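Good morning, and thank you for joining this group meeting.

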Amino acid sequence: MIKIKSAVEIDKIRKSCEIVAETLKLLKKHIQPGVTTIELDKIAYDFIIKKGAIPAFLGYRGYPATICVAINEVVVHGIPDNRKLKEGDIIGIDVGAKFNGYYGDAAITVGVGEISKNAKILIDVTKTALYRGIEKCIKGNHLSDISHAIQTTAEENGFDVVREFVGHGIGTELHEDPQILNYGPPKRGPILESGMVFAIEPMVNQGTHEVEVFDDKWTVVTKDRKLSAHFEHTVAITENGPLILTQKEI
Ligand code: MF3
Ligand code: CO
């Protein structure tokens, strides 16, 4: 069942989303060669707590950190550790926060220093795929219109979308109905209504869409170890079209 949120609820979700967006903005400033992902995690934790919010991922199904990091061939859900970022890496950072009972969720992928042209293209296409999906968040559309827009954007550019992980509804829970696939035919699934709030999160691979999960049960990597990028926004469907709630950052 997809929950319809009132304007008051959307405003509460917006507050947590603003904290998430500000956290990502702050982290972006610290992304440079030599910084460790555990340092980034601490910056995010301290900031979210300072804002009076709760890190949404910490303790979620046993997840041990505030942020998820995804360096190069890592797709999503990498656990921060002592590894230092180096020039030419790309890093995905996923942040969630809960404030006044409502969740916000967003992710970005950025380069560390100078990155290859191909890495840049992958990042740009993934971000564009997210925005093409968001453009379909219009009442009267079908849910899978979002999925289809994401898949076609990625594939037209020679990339492949990950199948195993999906976007989701969000509100008083981090993960609510519906699951939002990043691929599929258009005009399927529920009709979109104003008051629905979605976390849309395409994961796009340079090579095959196939992925593997490490023994830590979290870290997802591409099967061929080629690069992967991930972007996510929390978006409300309104009478006036899509409203990106995690806007401040990407
Ligand atoms: N943005 C991701 C998601 O919504 C991050 C979840 S990480 C977890 O699924 F640790 F909370 F699982
Ligand atoms: Co999410």
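I shall speak about the metal site, then the open spaces, and finally some strands.

The model is predicted, so local features need pLDDT of at least 70 and side-chain atom pairs count only at pLDDT 80 or more, while totals for chains, interfaces and linings use all residues. Residues are numbered from 1 along each chain as its sequence is written, chains are lettered from A and ligands numbered from 1 in the order in which they are written, and side-chain values use heavy atoms, with hydrogens and water left out.

Let me begin with the metal. Which residues are the protein donors of the cobalt ion (ligand 2)? They are Asp105 (OD), His168 (NE2), Glu201 (OE) and Glu232 (OE), at 2.1 to 2.2 Å from the ion. Donors here are N, O and S atoms within 2.8 Å of the metal (3.2 Å for Na, K and Ca); water is not among the atoms, so sites may look incomplete. Along the sequence, the donor residues follow the spacing D-x62-H-x32-E-x30-E. Two of them link distant parts of the chain: His168 belongs to strand 7 (residues 167-169), and Glu232 to the loop between strand 13 (228-230) and strand 14 (233-238), 64 residues apart.

The site of the cobalt ion (ligand 2) has 6 donor atoms with angles of 68 to 171° among them, and is irregular. Six donors count as octahedral if opposite donors are over 155 degrees apart and all others between 65 and 115; four count as square planar by that test, or as tetrahedral if all angles lie between 85 and 135 degrees; anything else is irregular.

I turn to the open spaces. On a 1 Å grid over the protein atoms alone, a cavity is a set of points where a 1.4 Å probe fits but cannot get out, and a pocket is an open set with protein on both sides within 12 Å along at least five of seven lines; lining residues have an atom within 4 Å of a point. A volume is the space filled by probe spheres set on the points, which are joined across faces, edges and corners.

The largest pocket holds about 570 Å³. Of its 24 lining residues, Tyr60, His77, Phe165, Val166 and His175 lie nearest its centre. Strand 8 gives the most to this lining, with 4 residues.

The second largest pocket has about 160 Å³, and strand 2 gives the most to its lining, with 3 residues. The largest cavity has a volume of about 40 Å³. Among its lining residues are Cys68, Ala70, His77 and Gly92.

What, then, of strand 2? Its 5 residues are buried, 5 of 5. Ile67, Val69 and Ile71 point one way, and Cys68 and Ala70 the other way. In a regular strand, side chains alternate between the two faces of the sheet. Strand 2 pairs with strand 4 in the antiparallel sense over 5 bridges; pairing requires at least two DSSP bridges. Ala70 has Gly92 in strand 4 as its bridge partner.

Lastly, 3 strands form an open antiparallel sheet in the order 6-10-13. Its edge strands are strand 6 (160-161) and strand 13, each pairing on one side only.

Note on methods
Helix = DSSP H or I, 4+ residues; strand = E, 2+ residues; numbered from the N terminus. Buried < 20%, exposed > 50% of the residue type's maximum accessible area, 1.4 Å probe, protein only.
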